[in-house]
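Trainee: I would like a close look at a single part of this model. Please pick one residue and walk me through its surroundings.

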Amino acid sequence: MDVSSSSWLVIALALAGANLPFFNDKLLALVSLKPAADGAARRKPLAVRLLEMVVMYFIVGALALALESRIGNAFSHTWEFYAITGCLFVVLAYPGFVVRYLRKRRH
């Protein structure tokens, strides 16, 4: 895999990973939450969604580091790199946040 295609792969994974917590009610899209007492499906609170987003940031970061190491020597990253990529991850999560919390639902 060349540099260009692996870069686009990381961007696509970041976009999917940032929005994944907002588009489903399973924990990390794998584990169903316990149903509520009345039998209805339980919805994840915002704090859990944000925590999932942080976990997905580290998962995507690990995959990006693996791809970078596969291409050649991995660069050293300082705190500025992590601050910028964290902010970018939050920006990429905006569409999922809008769909989940800001869009009006018609019944």
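Mentor: Start with a term. A residue is buried when its relative accessible area is under 20%, and exposed when that area is over 50%. Keep in mind that this model is predicted.

Now take lysine 44. Lysine 44 sits in the loop between H1 and H2. Its relative accessibility is 4%, so lysine 44 counts as buried.

What does lysine 44 touch? Leave aside the neighbours within four places in sequence. Lysine 44 is then in contact with Pro21, Asn24, Asp25, Lys26, Leu33, Arg49, Glu52 and Tyr101.

Two of these names come back when we turn to polar atoms. The side chain of glutamate 52 makes a polar contact of 2.5 Å with the side chain of lysine 44. Proline 21 takes part through its backbone: its oxygen lies 3.3 Å from a polar atom of the lysine 44 side chain.

Look up the helices on either side of that loop. H1 covers 3–23 and H2 covers 46–71. H2 gives the largest share, 10 residues.

The pocket itself has a volume of about 740 Å³. Its lining counts 26 residues, and Val10, Ala64, Leu65, Phe81 and Thr85 lie nearest the centre. By type, the lining has 18 nonpolar residues, 7 polar and 1 charged.

Definitions and conventions:
Residues numbered from 1 in each chain as written. Predicted model: local features only at pLDDT ≥ 70, side-chain atom pairs only at ≥ 80, totals over all residues. Heavy atoms only, no water. 1 Å grid on protein atoms, 1.4 Å probe; cavity = no way out; pocket = protein on both sides within 12 Å on 5 of 7 lines; lining within 4 Å. Points joined across faces, edges and corners; volume = space filled by probe spheres on them. Helix = DSSP H or I, 4+ residues; strand = E, 2+ residues; numbered from the N terminus. Nonpolar A, V, L, I, M, F, W, Y, C, P; charged D, E, K, R; others polar. Buried < 20%, exposed > 50% of the residue type's maximum accessible area, 1.4 Å probe, protein only. Polar contact = N/O pair within 3.5 Å; in protein donor to acceptor, adjacent residues only side chain to side chain. Contact = heavy atoms within 4.5 Å.
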